[in-house]
Amino acid sequence: MFEVIFLQFLNGLDKGAAYALIALGLTLVFGTLGVVNFAHGALFMLGAFCAVLFRQFLTLETVTLDPEKLSPWGAPLEIREPLVQAWFGDFGAVLVNYSVPASIIITIPIMLLVGIGLERGIIKHFYKRPHAEQILVTFGLAIVAQELIKSFFGPNPIPQPMPSDLRGAADIGAFLGMQANVITYPIWRLIYFLFSFVIIGGVFAFLQFTTFGMVVRAGMADRETVGLLGINIDRRFTIMFGLAAVVAGIAGVMYTPLLPPNYHIGMDFLVLSFVVVVVGGMGSLPGAVAAGFLLGILQSFASMTQVKALIPGIDQIIIYLVAVVILLVLPRGLFGRRGVMEA
Amino acid sequence: MTNPNVVLHVADVHKRFGGLHALADIDLQVEEGQTHAIIGPNGAGKSTLLNVIIGKLAPTSGQVVFDGTILTGRKPYQINQLGIARVFQTPEIFADLSVLHNVMIPALAKRDGAFRLNMLRGLDSETGILRESEDMLEDVGMFASREMAAGSLSRGDKRRMELAMCLIQHPRLLLLDEPTAGMSRHDTNTTIELLKKIKSRGMTKVIIEHDMHVVFSLADKISVLAQGRIIADGTPDQVRGNPKVQEAYLGGTH
Amino acid sequence: MRIMSRNDLLLFLGFTVVVLAMPIWLHPFGAAYPDLLQRFMIFGIFAVGFNILFGLTGYLSFGHAAFFGVGSYAAVWSFKLLSLDAIPAMIFAVVVSGVFALVIGFVSLRRSGIYFSILTLAFAQMSYNLAYSVLTPITNGETGLQLNLNDPRYLDTTMGIPTAGQPVPTLLGQSLGGFAGFYFCAGFLILAFFIAMRITNSPFGMMLKGIKSNQTRMNYTGFNTKPYTLAAFVISGMYAGLAGALLAVTDPLAGAERMQWTASGEVVLMTILGGAGTLVGPVIGAWLIKYFENIFSAINETILHRFFDVLPDGLDNALVAITSKFVGEGWFLTLGLVFVLIVVFLPGGIMEGVRRIAHLFDRKPKGRPGKAAPQPQPAE
């Protein structure tokens, strides 16, 4: 029994990690800029498609005909060789194999540009406008982003293979001194979980220990006062938006082997992530992370057959149900501050 | 002790925020028809006291009684329906609506109560309410701007309209929270003129104010608040001559 | 005592004429066929109802499609269990969606702002997910709920009305296909518009505007705002249910995808595009979106090539390559872009644009918000 529960707990972690990462970015943007960003899920999706694009680029092939050999059909044999492999040899092959994690290299600058461009171009005009209008404009942006992706990459999910060395499962049970082969867990999920921990830790450390982070935190608490100190808070907030976009983007990249990305993956995650943010408490970073994992794990437990037998359909609604209950019992969510978004 | 003329009685109210004793042992009796001012330096607890009176804050102990009814624990709309109207420090108005509609809404609240599903009659056929509202705007000198959006008014006109919104309900008690705060000299003067004009109507008023000029020209009775306590109570002349007041307040700022 | 002011009467009559004459004046735009006209009516009702909540009180619901879907299911069940006549189905659907809205509204309205939006979204998503899973006996899951030859139809059987062939909804025995269906829906749109107009211009409507403008003041003015917002929520839920039922009347098949949050988003788009808080704006928004959805989705590269034929070859191909991203499957891209532009530059929607233009020509500041009734012009 303990093994079953522990396994479900583990199963909830990777989804929870994705929720937490998206919710973290949403909260950063909300906490610093005061903007309710419905396009945040689209940033996650764009990140995922950076991985797709990178892989498509890496696997561009040269096709040469080998006149010496014939295929079983009698035509000259085609030799396909990825360009990267042709140029870089073995390193190229490794690169193709590790395309998903490697694409983070291009994702970071792309997402940074997208984020800063969005903020400077559109979002900044909405700081003073009502939340309803912020929701509406970012909702429109999300539609634009996902339709653009759809028109370039098509409507179907594009599977991204994980590196061959990282397929298979790790025997966590044995590692923890339990019976072997009882609790096994796919390696990539484990990696995703650890990766999310690094990112979350990084963001917190960044906010906690750098001057930049201190100013931003002060700005989150009291924007006007910080502005009065002569600090150019606006520029820092632009960078925060870029940072949130990067976090969402690389969260999307790393998630691609777990769920082949399609154009509406962002919307799917967004709705859930908003619920996560609200449950955690608008504007609270620890709340976003805690609620992300909490809901991911709860969802995993609700999908157990025993639970489903007890309460039919619970797996379909558990997250929303929790959100409704939390909002009604704790109006500000788990960690919410007073006076945030109560207009 | 029981004065039959007392309409508002703040009885032994204490309010603590954590370790801070914001209000201590406040006992305040406001008589029917009088203008009662509460003054004090910034941070003396004036706003806290007002918020306790109108039910926004619950006192730590003690209670507020209005005409035999305990106000503590009631919702703002219930308190209004008992006959208490409030003017805010920054005017709380319906900025998107016309001046006329701003005044019609409270008139309807007075007539229809807290809720009425009044959706099949046209507004145009509410002739009684319409006439009453127009008369009220005339009264405060704002009839000419009745079609304007309230948000586009000057600060002084917003205050005037807000007063009209309260007056049209013929409240038994009118609470004014620093009615001239943040106003230009000119707007302050017109507001004082207006308050003087409505003084004769016999409604009870409680004014929170730190501008002495406003207070001494309007109030029948003054209570001075300092560090959460009432340190003096009496007519303007009595208060002016009180050495404790001079030390705590007048000496400090004027 | 007048029933209506002269302006209102003119607006209402104008609206009625425009709606009833749609088969004529939409003819040159290639939109005068019953199927599309019915959808104009149905989504017009949906948007008018949504506007009673969002436009008047400012509460942004992201879950209104749930009421639309519930209305559809209720109507189809009425066809199956009671009678093929449309009237009981409509009544049943409006009542059921009203009760559903009462429950959801009662809970959701305990919070405001974005929390309210999330709560409504959560309820709608729960309904959607449940409709696909556990509630399959009621919703028939992915297949969708449809009429069957051997449905009981107790009312019809007791009254001895026989059904010949494939069951289709009727009105007092008359078929509701084609233009009959359109006029049936049009009648409801006109009625819905009339009621919305009465509500907007009533004291109740003014209270709702007061809530949107300044809820604190409303409370200190002596209003208990909760029953007001709840009443607006329920009314707009009933409108959505009515629209859903009409969709079931014209096409008796109810599927869960009608309740998805994208469907909720669509009605938000319609209302904003036309102009939230105005009377005719949401209707125009609904018509425009449904019209262009229909036109744009049908355009393909061949048509584009023909369109750009006059241009030199290279330019021709380049333009086709670019524009083809925005039509056909790419219609939603256009919609998203237009939507962003509207929210950024014209938050009041088309009606605000009309007002601004009217203001250029007419210096007298006479026009009051929502009173102008422009001819809806599906742009070129």
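Trainee: How far apart are the end C-alpha atoms of residues 227-247 of chain C?

Mentor: This is a predicted model, and what follows should be read as such. An unreviewed UniProt entry lists residues 227-247 of chain C among its transmembrane regions. Over that span the chain is 100% helix and 0% strand, and the distance between the end C-alpha atoms is 30 Å.

Trainee: What percentage of residues 114-135 of chain C is helix?

Mentor: The UniProt entry, which is unreviewed, also lists residues 114-135 of chain C as a transmembrane region. The end C-alpha atoms of this span lie 29 Å apart.

Trainee: Which helix of chain C gives the most residues to the side that touches chain B?

Mentor: In this interface, 28 residues of chain C are in contact with 28 residues of chain B. Helices 9 (178-200), 10 (203-213), 11 (215-220) and 12 (225-250) of chain C each supply at least two residues to that side of chain C. The greatest contribution, 8 residues, is from helix 10 of chain C.

Trainee: How many charged residues has the side of chain C that touches chain B?

Mentor: Sorted by class, that side of chain C has 12 nonpolar residues and 12 polar ones. The charged residues there number 4.

Trainee: How many residues of helix 12 of chain A are buried?

Mentor: Helix 12 of chain A covers residues 233-255 and reaches 33 Å from its first C-alpha to its last, close to the 33 Å expected at 1.5 Å a residue. The helix is mostly covered. Of its 23 residues, the number buried is 19.

Trainee: Which residue in strand 4 of chain B does B:L8 stand opposite?

Mentor: Toward strand 2 of chain B, B:V13 stands opposite B:I26, and B:K15 stands opposite B:L23. In strand 4 of chain B, the residue opposite B:L8 is B:F66.

Trainee: Which residue takes a positive phi in the hairpin of strand 1 and strand 2 of chain B?

Mentor: This hairpin has 2 residues between the strands. The positive phi, near 60°, is taken by B:G18.

Trainee: Why do the buried residues of helix 6 of chain B line one face of the helix?

Mentor: In helix 6 (residues 185-199) of chain B, B:T191, B:L194 and B:L195 are buried. What covers the buried residues of this helix includes helix 5 (155-167) and helix 7 (212-218) of chain B. The face turned away from the buried side carries the exposed residues B:R185, B:H186, B:E193, B:K196 and B:K197. The buried residues line one face because, seen down the axis of helix 6 of chain B, they fall within an arc of 100°.

Definitions and conventions:
Residues are numbered from 1 along each chain as its sequence is written. Chains are lettered from A and ligands numbered from 1 in the order in which they are written. This is a predicted model: local features need pLDDT of at least 70, side-chain atom pairs count only at pLDDT 80 or more; totals for chains, interfaces and linings use all residues. UniProt positions are given in the numbering used here, feature names are shortened, and annotations may be inferred rather than shown by experiment. Helices (H or I, at least four residues) and strands (E, at least two) are DSSP runs, numbered from the N terminus. Two residues are in contact if their C-beta atoms, placed from the backbone, lie within 7 Å. Ala, Val, Leu, Ile, Met, Phe, Trp, Tyr, Cys and Pro count as nonpolar, Asp, Glu, Lys and Arg as charged, and the others, Gly among them, as polar. The expected span of a helix is 1.5 Å times one less than its number of residues. A residue is buried if 20 or more other C-beta atoms lie within 10 Å of its own, exposed if 12 or fewer, and partly exposed in between; C-beta atoms are placed from the backbone. Two strands pair if DSSP finds at least two bridges between them. The arc is that of the directions from the helix axis to the C-beta atoms.
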